[in-house]
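User: I have a structure to go through with you. Can we take the side chains and then the fold?

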Amino acid sequence: MCCEGCDAAGRLQHACGDLFPQRRAGYLRVEDVVHRHRLRRDRSAGVDEVGATLIVMSSIPVETARRQQEAAAARNVAYLDAPVSGGEAGAEAGRLVIMAGGEAAPFETWRGLLEVMGRPTHVGPVGSGQLAKLANQMI
């Protein structure tokens, strides 16, 4: 019998399909993606494709999110800052609270993927996800 977390991870893998077919195991920093400093020649981050969206689910300063969005926009890439709340238990159960900042259109495009991980809510422009996470932490 599969645990709820395994089920959520399986649904996420199924939802992602071939989004990152050439991504190899390893660490890829968001700053490297948006600024293209350390990307391999195989373009594993895929940020040059028309319609690409970079979704950053880290808890980062609002100004960092805005700076990353500007760099992504310069490459015609949409950007969402979407930090989460719910801890390990929420992640394992696929019940994270996801607070997304950015334009509504890319949020709606990727809502189904985010729903696999939990309950996504669009909270406003870029940086708003980070502000909502901060407010949530203070409560």
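User: Is E63 buried, partly exposed or exposed?
Analyst: E63 is partly exposed, its relative accessible area being 48%. Here buried means under 20% relative accessible area, exposed over 50%, and partly exposed in between, with a 1.4 Å probe and protein chains only. This is a predicted model: local features need pLDDT of at least 70, side-chain atom pairs count only at pLDDT 80 or more, and totals for chains, interfaces and linings use all residues. Residues are numbered from 1 along each chain as its sequence is written, and side-chain values use heavy atoms, with hydrogens and water left out.

User: What does E63 form a salt bridge with?
Analyst: With R66; the closest N and O atoms are 3.1 Å apart. A salt bridge is a side-chain nitrogen of Lys or Arg within 4 Å of a carboxyl oxygen of Asp or Glu. R66 is partly exposed, at 35% relative accessibility.

User: How far apart are R66 and E63 along the helix?
Analyst: They are 3 residues apart in helix α3, so about one helical turn separates them. An α-helix has 3.6 residues a turn, so residues three or four places apart point the same way. Helices (H or I, at least four residues) and strands (E, at least two) are DSSP runs, numbered from the N terminus.

User: How many salt bridges does the structure hold?
Analyst: It holds 2. R111 forms one with E108, the closest N and O atoms being 2.8 Å apart. R111 and E108 are 3 residues apart in helix α5, so they too are separated by about one helical turn. R111 is partly exposed at 26% relative accessibility, and E108 is partly exposed at 44%.

User: Where is the kink in α5 centred?
Analyst: On R111, with a kink of about 55 degrees. The bend at a residue is the angle between axes fitted to the seven residues ending there and the seven starting there.

User: What span should α5 have?
Analyst: The 14 residues of α5 (104–117) should span 20 Å at 1.5 Å a residue, and the end C-alpha atoms are 19 Å apart, which agrees. The expected span is 1.5 Å times one less than the number of residues.

User: Which residues of α5 are buried?
Analyst: P106, F107, W110, L113, L114, V116 and M117.

User: Changing topic: what is in the largest nonpolar core?
Analyst: It has 9 residues: A52, L54, V56, I60, A65, A72, V77, Y79 and V126. β1 (53–56) and α3 (62–74) each supply at least two residues of this core. Apart from it lies another core, of 8 residues, including L80, L96, A100 and M117. A nonpolar core is a set of buried Ala, Val, Leu, Ile, Met, Phe, Trp, Tyr and Cys residues joined through side-chain atoms within 4.5 Å.

User: And the strands: do β1 and β2 run parallel or antiparallel?
Analyst: Parallel, with 4 bridges joining β1 to β2 (residues 78–81). Two strands pair if DSSP finds at least two bridges between them. The chain goes from β1 through α3 to β2 in a right-handed β-α-β crossover. Right-handed means that, with the strands pointing away from the viewer, the path from the first strand over the helix to the second runs clockwise.

User: What about β4?
Analyst: β4 (residues 96–102) runs antiparallel to β2, with 2 bridges, and L80 stands opposite G102. β4 also runs parallel to β5 (residues 118–124), with 6 bridges. β4, α5 and β5 make a right-handed β-α-β unit.
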